[in-house]
Amino acid sequence: TTPRIGDILQKLAPFLKMYGEYVKNFDNAMELVKTWTERSPQFKFIIQDIQKEKVCGNLTLQHHMLEPVQRIPRYEMLLKDYLRKLPQDSLDWKDAEKSLEIISTAASHSNSAIRKMENLKKLLEIYEMLGEEEDIVNPSNELIKEGQILKLAARNTSAQERYLFL
């Protein structure tokens, strides 16, 4: 009779701290997957086999590992949108506002780690775009800039278009 989500989110929001731990350990997890994929042909085969499953939606394990990292900002965005559309005299207003405050605090704690993960996601996309030949997905790598350039040949001063990832 009185649909609400603010009170529910307020009770569940403290559990979002576990995502912070996940984000903190994400680099190590990605590195472990990379290491074992390189070291163990059997592990690599199993991962590739699982990734071919329809349920995986043609996404790599690394893409699936990124999903929890993006969850808190997604909740924050949805809750802000909910509050914008919710009448201020609604019974859910105060609880939704308090939930947003708690979720925003959790989000701010993991924002820098999330930016790092977004960079890794972009590196992963570039890695796949380049045919997965040169493994550039590494927590110490950072995409600085990308775009079209002209490569000038030293001998005949002709220009060739290239796409550069720095």
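**Close-up views of a predicted model**

At 74% relative accessibility, Asn 58 counts as exposed (over 50% relative accessible area; under 20% would be buried and in between partly exposed, with a 1.4 Å probe and protein chains only). This is a predicted model, where local features need pLDDT of at least 70, side-chain atom pairs count only at pLDDT 80 or more, and totals for chains, interfaces and linings use all residues. Residues are numbered from 1 along each chain as its sequence is written, and side-chain values use heavy atoms, with hydrogens and water left out.

**View A. Asn 58 sits in the loop between α3 and α4 (61-85).** Helices here are DSSP runs (H or I, at least four residues), numbered from the N terminus. Phi of Asn 58 is near 60°, a positive value in a residue that isn't glycine. Most residues other than glycine have a negative phi.

**View B. Here α2 and α3 cross at roughly 115°, their axes coming within 5 Å.** The axes are lines fitted to C-alpha atoms over the stretch in contact, and angles run from 0 to 180 degrees between N-to-C directions. From α2, the contact (heavy atoms within 4.5 Å) takes in Val 33, Trp 36, Thr 37 and Arg 39, while α3 brings Pro 41, Phe 43 and Lys 44. By class, that's four nonpolar, one polar and two charged residues. Ala, Val, Leu, Ile, Met, Phe, Trp, Tyr, Cys and Pro count as nonpolar, Asp, Glu, Lys and Arg as charged, and the others, Gly among them, as polar.

**View C. The largest pocket has a volume of about 480 Å³.** Of its 21 lining residues, Thr 37, Gln 62, Tyr 127, Glu 132 and Asp 135 are the closest to the centre. A pocket is an open set of points on a 1 Å grid over the protein atoms alone, where a 1.4 Å probe fits, with protein on both sides within 12 Å along at least five of seven lines; lining residues have an atom within 4 Å of a point. Points are joined across faces, edges and corners, and the volume is the space filled by probe spheres set on them. α2 (17-39), α3 (41-51) and α5 (93-129) each supply at least two lining residues, with α2 giving the most, six. The lining splits into eight nonpolar, six polar and seven charged residues.

**View D. The second largest pocket holds about 320 Å³ of space.** Lys 17, Gly 20, Ala 106, His 109 and Ser 110 are the closest to its centre, out of 18 lining residues. The elements giving two or more residues to this lining are α2 and α5, and α5 gives the most, with eight. Sorted by class, the lining has nine nonpolar, four polar and five charged residues.
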